[in-house]
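Welcome! Take a moment to look over the sequence and the model, and then let us walk through some of the contacts between side chains together.

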Amino acid sequence: MTGPEAIDLARAWIAQDPDDETRAELQRLVDRRDHTVLARRFSGRLTFGTAGLRGELGAGPTRMNRVVVAQAARGLADYLRSRHERPAVVIGYDAREKSDRFARDTAEILSGAGIAAFLFSAPTPTPVLAFAIRHLGCTAGVMVTASHNPPRDNGYKVYLGDSSQIVPPADTEIAEAIFRVGPIDTLPRGDDYRLIGEDVIEAYLDAAVGLVGELPPTAPLDVVYTPLHGVGLDIMSEAARRAGFAPLHVVADQAEPDPRFPTVAFPNPEEPGAMDLALAQAREIGADLVIANDPDADRCAVAVPVEGDFRMLTGDQLGALLADHLLSSGIEGTYASSIVSSDLLGRQAAAYGRPWRQTLTGFKWIGQVDGLAFGYEEALGYCVAPAIARDKDGITAALAVLELATRSKHRGVSLLDRLHEIYAEHGWHATAQVALRVEDLSVIGETMQRLRTSPPTELGGRAVTRVDDLVAGYAGLPPTDGIRLQLGEDARVIVRPSGTEPKIKCYLEVVIPVGDDLADAERRATEELDRLRAGVTELLS
């Protein structure tokens, strides 16, 4: 793209942009004739990934802003009107910068296109929005959120009427409809959308609390909880109270929604340091458990006491515990996990005679599984109640954890004890993730191509015995950008680009038979995983 072309595109954008801040931002770049930055802003546009649109706030089609949101809303409207006689859409939003404005723009654009629109009157968790779609009988839902991304990001999730996220071909067809939208200053807007709130939240709470059975008469749990400056506190606290659990010990410095996320580098409970305040409070009071939601409350993280300190459970470990809780409770249906999650769920489901399905990465695929009883992905996403929403839900997952922990305490065992019992039956499944964050996105494509043309022959002292290019499909799954490296019968590595962040992600698993010595199995699994992690790190470098 030439400098004059970028200047012309920027001026056309300024002419249609309703936002004073992004107009001024672009005008400064035009006045400075900053061709390099302008070319970057106007070379391409945000596209739907595993979680809809997501990107950094700023002006231009490669950033999240009011123009991009209005185009997305109108494209969605055109898509829905071409397929439904009387479409209706419910819109939710979190507490990030501009989330409320993006949500109102969406409601106005949809209303102006003749679509019935329902707008939450206050920030709300993503799972409540997903629940509201079927509760209100809507054709689709929109959630304005960037979930656990850095503070300067925002995003736009689209759901269809079954409360699951969009999948092909709908994502491509909506993207094509968005591409056809012209200047947004000519789009009609309406103000006859309906504000919603308490009634829907009450219905969600009733459904969520109804998942918890009668609790045994045991000492109440002392639980430290953090919403990580997000929107989960009020609904999570109220759900726990109504279900009969003791009041949560809330991390005060992270209790209120704050789009700056001042106490964490990244508002993601998986990231180093994000859980430090919660863990410190848990040590201080001698808590039984630590629970965190990410900022839009669709993920759930748990830490458990270990020898006077606390240890974070991995997403796979918590997935195994939740699956065990549901399987042992007789919950019928299909148990599903993403291809990058542990294979342990398959062994657990088989032991109870339940079907297991693997899906592509991204909860949108798990939500499509027929007869879904439980689904999870290793990135702390859990669906314990598909009847509430066919998406990950950090609040109902937290309630299930509280119930499981209460029942375990009544039996005199810990969550870690139960996890070890599962390992003793099925083998010690040790998993880890290695990620490479990049500034230059071309590095991702170059790295994936290098692995395809010259895959490693060994990693961490293990021979690579099979290489599967997921672009060609794997185990009946649709094609996706990824590579699976098998290392004998009991280890594998999957490499894929992130769908939401500028990262290459590698997912590692090693399985060690337990036998009679659990401690020895843990030691061997840890050593094998460490060697494999070092090998993958070297491979990426």
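Does Arg-41 count as buried or exposed, and at what relative accessibility? Keep in mind that this is a predicted model. Arg-41 has 9% relative accessibility, so it counts as buried. Its side chain meets that of Glu-25 in a salt bridge, with 2.8 Å from N to O. Arg-41 sits in helix α3 (residues 35-42) and Glu-25 in helix α2 (residues 20-31), so this pair ties together parts that are 16 residues apart in sequence. Glu-25 counts as buried too, at 17% relative accessibility.

Now follow the chain to Arg-66, whose side chain forms a salt bridge with that of Asp-105 (2.7 Å, N to O). Because Arg-66 belongs to helix α4 (residues 66-81) and Asp-105 to helix α5 (residues 99-112), the pair ties together parts 39 residues apart in sequence. Both Arg-66 and Asp-105 are buried.

Another pair is Arg-418 and Asp-324, with their closest N and O atoms 2.8 Å apart in a salt bridge. Here helix α15 (residues 415-426), which holds Arg-418, is linked to helix α11 (residues 315-328), which holds Asp-324, across 94 residues. Arg-418 and Asp-324 are buried. Shared partners also join salt bridges into one network of Arg-66, Arg-101, Asp-105, Glu-108 and Arg-189. In total, the count of salt bridges comes to 43.

What about the cysteines? A search of the whole structure finds 0 disulfides. For Cys-138, the nearest cysteine sulfur belongs to Cys-383, 19 Å away. The sulfur of Cys-300 is 13 Å from its closest cysteine sulfur, in Cys-383, which is too far for a bond. Cys-138 counts as buried at 6% relative accessibility, and Cys-300 counts as buried at 0%.

Technical notes. Residues numbered from 1 in each chain as written. Predicted model: local features only at pLDDT ≥ 70, side-chain atom pairs only at ≥ 80, totals over all residues. Heavy atoms only, no water. Disulfide = S-S within 2.5 Å. Buried < 20%, exposed > 50% of the residue type's maximum accessible area, 1.4 Å probe, protein only. Salt bridge = Lys/Arg side-chain N within 4 Å of Asp/Glu carboxyl O. Helix = DSSP H or I, 4+ residues; strand = E, 2+ residues; numbered from the N terminus.
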